[in-house]
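User: I have a structure open and would like to go through it piece by piece. Can you help me read it?

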Amino acid sequence: MFYRDERLALFIDGSNLYAAAKALGFDIDYKLLRQEFMQRGKLLRAYYYTALLENDDYSPIRPLVDWLHYNGFTMVTKPAKEFTDSQGRRKVKGNMDIELTVDALETADHVDHIVLFSGDGDFRPLVAALQRKGCRVSVVSTIRSQPPMIADDLRRQADNFIELEELKDVVGRPPREPRMDERVPMDIEAD
């Protein structure tokens, strides 16, 4: 539940939200997402967290990061660590949990309601801490994918759970086909 006069902040775990939307068969239209939450309350800030491959000539996420930055999102990025696993697959490791947690705790004194776009169970203690500071916390993820993309204890801790699939008609768009130069086998791991 949202109240029109409450101050909101969005915290988007980029890789987690991307994976949840992909599992449900759609992409997120971030302009529509921002507009939706501006209608739900007084949106003070929308943070987006992602790790970036700095050594690539072209990173598939770079256009999104640039667009978000110029369209009202506060971008929080850091270089991803790239490695090859024992089977020779290229892997990328980029965990933004600490950055998101610190920013959410600092922001809690200035907002009434925090919306966390992640199903990562590691955020359950963060949600509890935000609630102790007097913030209401909504979590956006999905239980409708196989397997569910949200940890059960995170869903139970939140004041409100928003099923991502129910936002599909409001903030979704059909997935785009990657260009040939983007079709690189790569797994992203988060700790």
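Analyst: Here is a short talk through strands, aromatic rings and helices.

Analyst: This is a predicted model, where local features need pLDDT of at least 70, side-chain atom pairs count only at pLDDT 80 or more, and totals for chains, interfaces and linings use all residues. Residues are numbered from 1 along each chain as its sequence is written, and side-chain values use heavy atoms, with hydrogens and water left out.

User: Ok, strand β3. How many of its residues are buried?

Analyst: 8 of the 11 residues of β3 (residues 42–52) are buried, so the strand is largely enclosed by the rest of the structure. Buried means under 20% relative accessible area, exposed over 50%, partly exposed in between (1.4 Å probe, protein chains only). Strands (E, at least two residues) and helices (H or I, at least four) are DSSP runs, numbered from the N terminus.

User: Which strands are joined to β3?

Analyst: β1 (residues 7–13) is joined to β3 by 7 bridges, and the two run parallel. β4 (residues 74–79) also runs parallel to β3, with 6 bridges. Two strands pair if DSSP finds at least two bridges between them. Asp13 stands opposite Tyr49 in β3, and Leu52 stands opposite Pro79 in β4.

User: New topic. How many aromatic pairs are there?

Analyst: The structure holds 7. Rings of Phe, Tyr and Trp (its six-membered ring) pair if their centres lie within 6.5 Å; planes under 30 degrees apart count as stacked, over 60 as edge-to-face and the rest as tilted. Phe11 and Tyr49 form a stacked pair, 6.4 Å centre to centre with 15° between the planes. Phe11 is in β1 and Tyr49 in β3, 38 residues apart.

User: Is Tyr49 buried or exposed?

Analyst: Tyr49 is buried, with a relative accessible area of 1%. Phe11 also counts as buried, at 1%.

User: And what do Phe37 and Phe117 form?

Analyst: Phe37 and Phe117 form an edge-to-face aromatic pair, 5.6 Å centre to centre and 80° between the planes. Phe37 lies in helix α2 (residues 30–40) and Phe117 in strand β7 (residues 113–117), so the pair ties together parts 80 residues apart in sequence. Phe2, Phe37 and Phe117 form one aromatic cluster.

User: Last one, helix α1. Which residues are buried there?

Analyst: In α1 (residues 14–24), the buried residues are Gly14, Asn16, Leu17, Ala20, Ala21 and Leu24. Just after α1, Gly25 takes a positive phi of about 85°.
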